[in-house]
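Dear colleague,

Please find the structure below, handed over for your records.

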Amino acid sequence: MNGAPTELRALTSARGIAAWLVVLYHIRLTVAGLPEAWVRVFAKGYLAVDFFFLLSGFVIWLAWGERLRESGWRAVPRFWQKRVARIWPLHLAMLAGAVAIALVLAASGRHDSLRFPVGELPLHIFLLQNWGFTDRLSWNDPAWSISCELFAYLMFPLLVRAIDWRTVPSWLVAAAAAAFLILLGAAMTEAPGLGYDIARFGLVRCLCEFAAGTALCALWQRWRAAPVRPAIGAFAVAVLSVAGWLGGVPEPVAIPLAFAGLLLGLALTSDARGNPLACAPLYYLGEISYATYLSHFLLFYVFKLALVEDARAIPPLLIALYLALVLGTSVALYHLVERPAQRWVNALKLPRRPSPGRLRLG
């Protein structure tokens, strides 16, 4: 890829900020004395997941798009292995924690069958829960998006086979990214917002934004050598889309377009001198963001059971304690579970095919 980096620090940092917006979204209604203006701001934290989906498509295309096209189907098993290594072990660890919570509640006569439906557990183990098999979120709610990501990973080699963004004019790549997002808006016409009926719309939400993210990466690869003008244009798209949203454009149309502009703009300015998103603390928050995202919901569930009398008005001091617990748990999970398990799965030797045959992506 002509010396292109395989990671942009600013985007990793942005992922960390997005993960904490999801945390704040889930606790917003429980903080005693939180001003209503902040409640309304945090109420939109669920939109960070849409940024995740766009970013996922971007980084997967950056790391694997050209590799899969050049190596053909031979590289696909390794791609899937590395994606499973990235998402599944920590998910399984958190699901085991949810099972432990359910067992403790059952032993105390307080089993929550809606929160922990035993019959749906196999779907969650294999990350199939948001493929249309259930009608609600359960066990560890945030894992719904990881279920959708898995589906996107399985489809990604087909996308690589179907389109080589390198051969498409830039204006058409940009139009394709917009088309994917407009398609999402059309699919969610009846939805009041992107967070509506996740069991029904979550998968299409992921696939459209993931596909758009791959096109954004292709644009960045073309424009990164002379980024100033395209970055200004990208940020302008973000601002105009937000303005349109505030003016009445439906959220499922405006917000994905805004995030697409933001993502491309952040990517194009990632190497700018003095970029605050490149600082080490924010970058580290991005590194541990997957652990933050998967752990915070169950931690809050246990936190409220153990320490909170009125979950509708938790004192700020206890909220601060919870946030510190999320941070500490994220660090521990990242270093003790996520990374070691990822290395172990990646080290497994896959069976070798005797010959790649004629099935090639290029």
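Leucine 154 counts as partly exposed, at 31% relative accessibility (buried means under 20% relative accessible area, exposed over 50%, partly exposed in between, with a 1.4 Å probe and protein chains only). This leucine 154 lies in helix 6 (helices are DSSP runs of H or I, at least four residues, numbered from the N terminus).

The model is predicted: local features need pLDDT of at least 70 and side-chain atom pairs count only at pLDDT 80 or more, whereas totals for chains, interfaces and linings use all residues. Residues are numbered from 1 along each chain as its sequence is written, and side-chain values use heavy atoms, with hydrogens and water left out.

The average pLDDT (the predictor's confidence in each residue, from 0 to 100) is 90 for the protein, and 95% of the residues score at least 70. In residues 355-362 the pLDDT is below 50, and this stretch has 16 contacts beyond near neighbours in sequence (heavy atoms within 4.5 Å).

Helix 6, residues 143-162, gives the most to the nonpolar patch, with 3 residues.

Turning to the cysteines, the structure holds 0 disulfides (pairs of cysteine sulfur atoms within 2.5 Å). Cysteine 206 is in no disulfide, and the nearest cysteine sulfur, that of cysteine 148, is 5.3 Å away. Cysteine 206 is buried, with a relative accessible area of 0%. Cysteine 208 also counts as buried, at 5% relative accessibility.

Yours sincerely

Note on methods:
Helices (H or I, at least four residues) and strands (E, at least two) are DSSP runs, numbered from the N terminus.
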